[in-house]
Each structure stands twice: as structure tokens, then as C-alpha cells.
Amino acid sequence: MFFKIKIIYFLIKVKLEKLTGLYSSKWYKKINTFFFLKNLKSSKFYEFFNVYSSNFFELPIINKSLFMENFNAINTCGITYKQASEIAERSELSRDFSPMINNVSVGLSTGTSGNRGMFLVSETERANWVAYMIDRVIGFSFTEVEIAFFLRANNKLYESAKSRKVSFNFFDIFQNIDSHIERLNNLQPDILIAQPSVLMVLSKKKVNGELKINPRKVISVAEVLTNEDRTYFESIFQVKLDEVYQCTEGFLASSCSEGVLHFNEDFLIIEKKYIDEERTRFHPIITDLLRKCQPVVRYELNDIITEKKNCKCGSNFLAIESIEGRSDDVIELVDNENKMVSIFPDIIRREIVLADERIKDYAVIQKDNITIMLYVESDFKGSYLLAKSALVKRFEVYNVIDFTINKMDISPHKIGDKKRRIKNENK
Ligand SMILES: [Zn+2]
């Protein structure tokens with residue numbers, strides 16, 4: 001109950017900030033930043049920082065590997081790397097996502113940087129997240145809203161948005177998508193949230209008449225959404241597609257009335273690390289003012305962002321033209337009944353990253369109906385076999401037995417090309 005009161009509190013706060021214009025006010029953000037930096041004192045890693053005499057830019061820029069190496073020193077809730085990884089692995093394997101440590105939930109991320117990351121979110125932070133999701137994505141409604149949410153893991157973060165008004169229905173993308181169709185038809189969701197690769201399969205099912213749902217809102221998450229796919233989904237579902245740029249690292253951006261993604265700059269500080277001479281494409285370096293349990297400070301993401309200037313909606317929050325780096329393919333194999341099985345990139349990524357934490361980079365390429373090429377980069381020789389057997393096991397769950405996995409010795413990724421870890425060349 002206390003949790004719901006927290007959500008209502010944050011929702012009122014968010015609405016008031018909007019109503020008064022505070023949310024886009026520079027001095028209001030400065031005050032919030034000041035208190036955020038002051039609180040950094042409780043983190044061993046940031047202890048050196050003195051909010052009165054130090055400069056924000058003295059804080060080190062970190063990435064996922066540094067974040068993980070200093071896990072124990074960075075987080076302020078006294079949770080060790082060992083405790084957190086035990087709990088995260090256990091819930092991934094058992095598909096039971098309820099365990100937490102003292103009200104703190106642990107999320108695993110694979111993202112685009114290859115190695116895995118772990119993220120801690122406290123109850124208050126979850127309530128705050130839900131409030132922002134209701135405000136920016138779901139929309140407030142007096143009638144009950146059924147949400148169908150396709151995910152690879154039912155993180156506590158998402159489950160927490162459940163209430164009498166909003167009901168989150170979790171669809172595990174680890175399961176064969178065919179098994180979800182009937183449940184979707186019965187549920188008749190008002191809102192459908194899924195990654196583009198899942199939306200693609202659902203669209204085809206809708207075209208052939210198997211899927212009979214008409215959500216009033218369709219939200220694309222997690223992977224890169226191309227313009228062609230957007231147009232296609234909009235024509236199939238007859239709605240304007242919304243987009244959320246959300247990862248374990250945080251709720252980063254959501255789409256405006258023009259359908260353009262804007263960073264949530266009211267609670268995020270975004271720095272741009274340009275990667276081309278024309279200064280059009282950058283890696284975002286994020287500081288999340290909402291995260292206290294595990295501060296996310298000057299954290300560099302691998303995604304490549306192209307900035308959009310002057311969005312028609314009038315918002316002064318940084319607008320995104322495109323995000324590169326999260327576009328992977330669906331692997332399609334045939335099961336023992338000769339039926340095509342779609343295995344989503346998220347699942348492949350997860351299997352490999354969970355197989356061995358020493359894996360630094362990897363690639364999976366489907367060559368034809370039965371041949372998969374696997375590249376694994378690691379200092380440990382056994383990593384390749386661990387990754388391979390994890391994939392074999394996963395395929396077997398889908399009753400796929402007729403396939404071979406061959407080793408690639410060098411990374412198939414050419415510098416300058418769009419980074420794709422999972423590629424289906426058999427399409
Ligand atoms: Zn806009």
C-alpha cells in the first residue's frame with residue numbers, strides 16, 4: 001500500500017512540475033542537480049567529490065565495465081556484486097522475478113556493449129519510474145487500462161505499475177510467440193508494448209487473421225525502430241506508433257505529440273560525446289538525477305544518436321533523429337515438426353552473456369536454414385564452448401534440433417558499419 005502512495009505522490013509532483021513549467025526550468029534543474037551531487041557523498045566511489053568546491057566535470061566518465069568493476073563502491077545500499085549477481089542469475093534461470101534484496105530489485109542488462117551489467121533499483125525509485133511512465137507513456141485514465149507488455153524478463157520495475165486502474169500483462173519472449181496469440185485475443189489489450197522484432201511477427205499474425213486485437217496505443221521499445229517498420233506497423237494497427245527509449249540504465253526518452261523521441265532532460269543530464277567530425281552523431285553520457293541507490297553519473301552509452309533540431313512540438317528537451325546500435329535480427333530455425341520458430345535477438349544476447357561473464361564481445365550470424373556462425377571474444381578459452389552450449393540448450397527448448405553452430409575466429413564487424421551482433425543472412 002505504501003508503494004502506491006509513493007506512486008501517487010510522485011505523479012502529483014510530476015503533474016505539478018509540468019503545470020508550473022518547473023520541469024523545463026533551468027534553475028529548478030540546477031537545484032535538483034545540487035542535491036543529487038550532495039547525496040553522492042554516501043557513495044564510496046564518489047566520496048572525493050565536494051559539492052561546494054568541486055566541478056561536475058571533475059567526475060569521471062564511466063562505462064559499463066567500469067560501472068561493474070566498481071559495483072560495490074558505487075552503490076549506496078550496501079549490496080555486493082556477488083549478492084546481486086546471484087540473485088539476478090537465479091531469477092533469470094527460474095523465470096521468477098520476485099526476489100529482491102531489502103526492497104532493492106536487481107536487473108540484468110546486455111545492451112549494446114557486449115558484456116553484462118547489473119542495475120539496482122530501490123522501491124522509491126520504482127515508484128518514481130512508474131509515475132513518469134504513467135505521465136509520459138501510458139497516459140492517465142479513469143477507466144481500467146489493460147497493457148500487454150512483451151519482455152525478456154519481468155523485472156520488478158515493470159511489475160510495479162500494476163494497480164486497479166492499470167494492469168500489466170507480461171508476455172515472456174522466451175516462449176514461442178504462437179503460444180501468446182490466444183492470450184492476446186482474450187485480453188484485448190488497450191496498450192501493446194513490444195520491441196520492433198516482436199511487433200513485426202505480431203503484425204504478420206494480424207494480417208493473416210490469427211491475431212485479433214485493436215490496441216489504441218502501440219509502443220515500440222528496446223530495439224531500434226526503422227522508419228519503414230514504423231510505417232508498416234502504423235498501417236497494420238491503424239494507430240500512430242509511440243516510442244520509448246528505455247533500458248536498464250534508465251528511462252531515457254519518450255516520444256512527443258509529433259512522434260519524435262525527446263530525452264527526459266528534466267531528470268537527466270545529457271552530455272554528447274561526438275564521434276564524427278561533422279558533430280552530428282554522438283554517444284550520450286547520462287547522469288540520472290533520480291537514481292540514488294546506484295548512482296548513474298556521467299555514464300557513457302554505446303548507442304549512437306543523431307540529433308534532431310527544432311522539433312515542431314516546441315519542447316526544448318534534446319530531440320533524437322535516430323538511434324543506431326540496437327538493430328539485431330530475428331533468428332529463424334525449423335523445429336522437429338517442420339514449423340518455423342522465431343528466436344528474438346534479446347534471447348540470443350542473453351543466453352551468451354549469461355553463459356560466461358568473461359565474454360567481452362560476440363556475434364551470431366545465421367547463414368542458411370541450419371547453419372549458425374558464432375564469434376566469441378574472451379580472455380578465457382572455454383568461453384566459446386560455454387556460449388555454444390547455452391545456445392544449443394536454448395534451441396532445444398524450441399524443439400529445434402537440426403542445426404550446426406560453427407566457430408568464427410575473427411569478429412565479423414567492420415569498423416564504421418552499423419554494429420549488429422545478431423544477423424540473419426538467410427532472409
Ligand atoms: Zn517533439
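Figure 1. Asn338 is exposed, with a relative accessible area of 66%; here exposed means over 50% relative accessible area, buried under 20%, and partly exposed in between (1.4 Å probe, protein chains only). This residue belongs to the loop between strand 15 (331–334) and strand 16 (340–343), where strands (E, at least two residues) and helices (H or I, at least four) are DSSP runs numbered from the N terminus. Although Asn338 is not a glycine, its phi is positive, about 65°. Asn310, likewise not a glycine, has a positive phi near 50°. The loop between strand 13 and strand 14 holds Asn310, which is exposed at 74% relative accessibility. The structure is a predicted model, in which local features need pLDDT of at least 70 and side-chain atom pairs count only at pLDDT 80 or more, whereas totals for chains, interfaces and linings use all residues. Residues are numbered from 1 along each chain as its sequence is written, and side-chain values use heavy atoms, with hydrogens and water left out.

**Figure 2. The zinc site.** The zinc ion is coordinated by Cys256 (SG), His262 (NE2), Cys311 (SG) and Cys313 (SG), at 2.1 to 2.3 Å. Donors are N, O and S atoms within 2.8 Å of the metal (3.2 Å for Na, K and Ca); water is not among the atoms, so sites may look incomplete. The angles subtended by the four donor atoms run from 104 to 114°, which makes the arrangement tetrahedral. For four donors, that term requires all angles to lie between 85 and 135 degrees. The ideal value for four tetrahedral donors is 109.5 degrees. Along the chain, the donors follow the spacing C-x5-H-x48-C-x1-C. Distant parts of the chain are linked here: His262 lies in strand 9 (residues 261–263) and Cys311 in the loop between strand 13 (304–308) and strand 14 (319–324), 49 residues apart. His262 is buried at 6% relative accessible area, and Cys311 is buried at 10%.

Figure 3. A nonpolar core is a set of buried Ala, Val, Leu, Ile, Met, Phe, Trp, Tyr and Cys residues joined through side-chain atoms within 4.5 Å. The largest such core has 74 residues, of which Tyr245 and Phe263 touch the most other members. Helix 6 (residues 123–138) supplies the largest share of this core, nine residues. Apart from it lies another core, of 48 residues, including Ile347, Leu374, Leu391 and Ile422. Helix 6 is largely enclosed by the rest of the structure, because 15 of its 16 residues are buried. Gly139, which follows helix 6, has a positive phi near 90°.

**Figure 4. Helix 11.** Of the 11 residues in helix 11 (residues 345–355), nine are buried, and the helix is mostly covered.

**Figure 5. Salt bridges between and within elements.** A salt bridge is a side-chain nitrogen of Lys or Arg within 4 Å of a carboxyl oxygen of Asp or Glu, and the count by this rule comes to 18. Lys6 lies in helix 1 and Glu123 in helix 6, so the pair ties together parts that are 117 residues apart in sequence. Lys6 is buried at 17% relative accessibility, as is Glu123 at 18%. Arg230 pairs with Glu243, their closest N and O atoms being 3.2 Å apart. Arg230 is in helix 10 (residues 227–237) and Glu243 in strand 7 (residues 242–247); both residues are buried. Within helix 5 (residues 81–94), Glu86 and Lys82 are four residues apart, about one helical turn, and their bridge spans 3.5 Å, N to O. Glu86 is partly exposed at 42%, whereas Lys82 is exposed at 59%. A network of salt bridges links Lys15, Lys18, Asp135, Arg136 and Asp266.

**Figure 6. A nonpolar surface patch.** Ile8, Ile12, Leu16 and Leu19 form a nonpolar patch on the surface, with about 440 Å² of accessible area together. Patches are made of residues with over 30% relative accessible area and no salt bridge, nonpolar side chains (Val, Leu, Ile, Met, Phe, Trp, Tyr) being joined within 5 Å and like charges within 9 Å. Areas come from the Shrake-Rupley method with a 1.4 Å probe; for residues, only the protein chains shown count as cover. Ile12 lies in helix 1 (residues 2–19) and is partly exposed, at 48% relative accessible area.

Note on methods
Four donors count as tetrahedral if all angles lie between 85 and 135 degrees; four count as square planar and six as octahedral if opposite donors are over 155 degrees apart and all others between 65 and 115; anything else is irregular.
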